[in-house]
Amino acid sequence: MTTADNIHGTGTPRGIPLPRLIAAIAILFVGIGLVQTRLDQRRGLFNPVVNDPKRGLSASIRNNVFGASMLGIREVAAGMLWVKADELFHNGQYTELIPYFKLVTFLDPHQIDVYSTGAWHLSYNLGDARLVPQSTAFLDEGIANNSKIWDLYFQKGWLLFDWPAEDYEAALPLFQEAAKHPSTDGSPAPPYITHMIAHAMVRQGRVDDAIAQWQTNIDYAEAEHAKAKKTKNDTDIRYWQQERDVCRNNRELLLIRKTAREDVAKNPKRVTFTADVQKRGSRLLEVRVRTQGFPPLTDSYGEESNGRLELILQDRDYDKLAAQHKNDLLWVTKNLTRFRSIYNIIERNGTVTDRSKPVILVEMNKDPADQGRNPMDIYPLTSDEYELILRFQPRVRRQPEAVQNAFGWIGEGLAPGGQTRTGPSGSQMVEKRIPLKLDDIL
Amino acid sequence: MNIWVIARSTFGEAIRKRIGLYVVFSAVVFLILSQLFAQFSTGGVSSEIGGGSRVEITIIKSMAFFIIVLSGLVLSIFLSFDLVPSDVDNKTIYTILSKPVKRWHYVFGKFIGTCMALLMNIGFMGVALMVLVAIKSHQLEWPLLGGVLLLFMQFAVLTGLAILLSLVVTRNINVALCFAFYLTGTVSEFWQSIAATSDNPLIKLMVKAIHLVIPNFYNFSFTNTMVHLEKWREIPNAAADVGWAAVYGVLYLAVILLLAFTIFEKKEV
């Protein structure tokens with residue numbers, strides 16, 4: 001062995017001959033190309049995002065562009081923004097929260113709590129009745145990105161079921177869909193989802209279907225209870241026993257109420273409203289409402305009860321315009337006006353009261369959520385014509401049980417004609433629409 | 001045998017450098033601090049809808065993966081960029097190569113030794129991540145370990161690249177190039193998105209070439225599905241994709257090491 005050999009290490013051939021090296025690298029790159037193509041085809045599965053520009057900010061920007069530019073740390077950025085959003089939430093700065101939610105879900109489309117919370121703020125905390133469709137659209141985006149778990153189906157179902165929308169027909173299929181999907185940890189969806197299926201059926205007057213649903217829930221709880229007993233899991237035994245009992249109670253309650261309300265439709269009651277609308281200042285109206293034919297209500301315990309009247313002041317073509325521009329938040333907030341007050345009480349003497357006074361205040365001169373926002377941003381009043389709607393819907397959840405005892409599950413105890421009109425699922429309601437001009441408000 | 005001796009010696013050298021110790025210590029401290037960070041988000045509506053702890057775990061995991069990526073990046077570059085040049089400067093390379101050691105044994109041994117040190121450090125952080133998550137969620141999430149091992153594969157490729165570059169460029173340029181390759185390789189999808197908006201076939205071809213030639217470090221990042229394990233469970237045969245990403249890493253390492261062996265064989269030292 002020579003000195004030169006030592007310096008170059010033993011066993012020299014001094015490297016692979018160039019043609020062989022090129023051939024080897026070329027073969028390896030063919031392999032790399034094939035593997036890369038396979039990975040590219042499947043990559044979307046690991047980060048699926050809605051790519052519909054109509055769905056708002058978080059979908060209109062190419063997620064993968066921004067995501068990639070974050071060097072794989074976008075989840076961290078999302079987490080930091082989420083913490084910041086939480087701080088704003090605790091400070092009550094709800095309006096400022098929304099862009100944060102959009103950004104967090106844009107960075108990490110699987111943060112399901114952010115979708116829920118964002119939709120919650122849009123529907124409830126901002127006090128802006130125009131934003132409910134935006135809220136459900138945000139949840140739709142979340143569902144598209146997290147379609148295999150129950151959470152966001154349920155969240156959207158709840159939002160549609162509760163007072164912001166009261167759309168039981170739309171809520172029911174969402175609860176049914178939610179019940180089919182597992183939780184984030186792979187466990188079955190919680191049983192309260194199936195409770196909501198029954199509740200949504202009741203609000204559509206499908207009482208027999210709801211009773212059958214409660215029976216299904218009871219059967220499921222009993223099966224789970226038996227399983228827990230076999231495995232001697234005390235926590236599960238107690239949990240499923242309680243679940244079974246809750247379902248049994250709900251089923252029995254429905255059976256009792258069904259019998260009690262059997263004759264409601266046979267003795268229909270005619271209810272009408274008279275209203276006097278007075279302008280008390282710019283953007284401030286006083287509405288005095290009296291009901292005729294509204295019976296004195298008593299609940300199952302013999303306590304006095306009363307009904308709830310909904311008051312809406314909106315652009316005359318609000319529903320049509322809102323549907324036309326449902327994906328254009330900017331247009332909606334700049335052009336549409338909707339004031340909604342839902343807990344006005346129909347007293348036993350027929351007077352309607354708001355906060356214990358016999359007058360409903362339509363206050364479009366202040367921020368409904370006390371956020372210091374300019375009222376003109378929430379009630380822009382850009383149309384010439386408006387309508388004031390007074391509505392009594394027996395089927396909605398915010399009505400006390402005594403209302404359904406008197407008027408039936410879905411208002412079947414209201415006499416047709418007059419101010420009675422038919423709503424979804426054949427439900428009956430009393431509604432009076434009063435046209436207003438811009439001058440009547442400003 | 002020669003490879004193993006050189007690898008062990010390189011591993012010992014890496015441990016003595018203490019950079020790994022500092023980085024890992026800092027990383028573990030930050031991992032623990034991420035718990036505090038996560039606690040800020042326990043209030044609000046999320047806890048009311050029963051998701052408070054889920055948000056916490058999400059934040060802990062995402063912070064932890066970020067810390068592991070950052071530490072791995074620093075470690076892989078700074079443990080390997082100076083391996084061969086320092087041996088040349090100290091003249092220890094002459095002692096090694098005068099023994100019956102093939103040159104590729106030397107390069108491969110250096111690479112294996114550095115990877116061992118890297119695996120130890122990243123593995124330690126991965127275990128810390130699993131423990132922290134287990135404390136919060138009361139269950140061991142094994143897929144997290146797969147995610148951490150893939151990150152190790154990513155940094156093994158970067159280590160190979162740093163060793164290869166150390167044979168042809170100076171130290172400073174090597175470090176700069178490593179960061180540049182990492183950035184370019186991580187935003188590979190970005191190039192593709194640009195190409196998708198272009199009508200020029202030449203640009204499309206160039207971008208495709210970059211996508212295939214520059215090591216695509218994004219292939220090794222499954223962070224989002226690791227942070228949201230429900231997504232992992234949803235994807236049919238997801239483990240196979242991890243396997244293919246690992247195959248990609250092995251193939252790319254083969255190219256890098258083949259080039260490194262050839263260059264070092266021809267290098268005058």
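**Entry 1. Domains of chain A.** I began with the division of chain A, which gives domain 1 (50-160) and domain 2 (268-441). I then looked up the contact between them: 12 residues come from domain 1 of chain A and 14 residues from domain 2 of chain A. On the side of domain 1 that touches domain 2, helix H6 (94-107) and helix H8 (132-145) of chain A each supply at least two residues. H8(A) gives the largest share of that side, with 3 residues. By residue class, I recorded 5 nonpolar, 4 polar and 3 charged residues on the domain 1 side of this contact.

Entry 2. I note that the structure is a predicted model. Its scores are ipTM 0.85 and pTM 0.74.

**Entry 3. The sheet of chain A.** In what order do the strands of the open sheet in chain A lie? I read the order as E7-E6-E5-E9-E11-E10, a sheet of 6 strands with antiparallel pairing. The edges are formed by strand E7 (352-353) and strand E10 (420-422) of chain A, each of which pairs on one side only.

**Entry 4. Strand E5 and its partners.** I next took strand E5 (residues 307-315) of chain A and asked how many of its residues are buried. The count is 8 of its 9 residues, and the strand is therefore mostly covered, a residue being buried when 20 or more other C-beta atoms lie within 10 Å of its own. I followed E5(A) to strand E6 (residues 338-346) of chain A, with which it pairs in the antiparallel sense over 7 bridges. Within that pairing, A:Leu311 has A:Ser341 in E6(A) as its bridge partner. I also followed E5(A) to E9(A), where the two strands run antiparallel and are joined by 6 bridges. Two positions I checked there are A:Ile312, which stands opposite A:Ile389 in E9(A), and A:Leu313, which stands opposite A:Leu388 in E9(A).

**Entry 5. From E9 to E11.** I continued along the sheet from strand E9 (residues 385-392) of chain A to strand E11 (residues 428-437) of chain A. These strands run antiparallel and share 8 bridges. For A:Glu387, I found the bridge partner in E11(A) to be A:Pro435.

**Entry 6. Helix H11 of chain A.** I turned to helix H11 (residues 192-202) of chain A, which is mostly covered, with 8 of its 11 residues buried. I listed these as A:Ile193, A:Thr194, A:Met196, A:Ile197, A:Ala198, A:Ala200, A:Met201 and A:Val202. Against which helices do the buried residues of H11(A) pack? They pack against helix H9 (151-161), H10, helix H12 (207-231) and helix H13 (234-260) of chain A.

**Entry 7. A:Pro173 in helix H10.** I then examined one residue of a helix named in the previous entry: A:Pro173 lies in helix H10 (residues 168-180) of chain A. Why does A:Pro173 count as partly exposed? I found 14 C-beta neighbours inside 10 Å, and the partly exposed class therefore applies, since a buried residue needs 20 or more and an exposed one has 12 or fewer. I also looked up its separation from A:Thr333, which is 160 residues away along the chain; their C-alpha atoms are separated by 29 Å.

**Entry 8. Chain B.** I recorded 14 helices and 0 strands for chain B. The C-alpha trace of chain B spans about 70 × 50 × 35 Å along its principal axes. Of the 269 residues in chain B, 47% are buried. Among contacts in chain B between residues at least 6 apart in sequence, 79% join residues at least 24 apart.

**Entry 9. Confidence in chain B.** The mean pLDDT of chain B is 83, and 91% of its residues reach 70 or more. Over residues 42-52 of chain B the pLDDT is below 50, and this stretch has 19 contacts in the model beyond near neighbours in sequence. Where pLDDT is low, the predicted coordinates should not be read in detail.

Entry 10. Leaving aside residues up to four places away in sequence, B:Leu151 touches B:Ile68, B:Val69, B:Gly72, B:Ile122 and B:Phe220.

Definitions and conventions
Residues are numbered from 1 along each chain as its sequence is written. Chains are lettered from A and ligands numbered from 1 in the order in which they are written. This is a predicted model: local features need pLDDT of at least 70, side-chain atom pairs count only at pLDDT 80 or more; totals for chains, interfaces and linings use all residues. Helices (H or I, at least four residues) and strands (E, at least two) are DSSP runs, numbered from the N terminus. Two strands pair if DSSP finds at least two bridges between them. Domain bounds come from an automatic or database domain assignment. Two residues are in contact if their C-beta atoms, placed from the backbone, lie within 7 Å. Ala, Val, Leu, Ile, Met, Phe, Trp, Tyr, Cys and Pro count as nonpolar, Asp, Glu, Lys and Arg as charged, and the others, Gly among them, as polar. pLDDT is the predictor's confidence in each residue, from 0 to 100.
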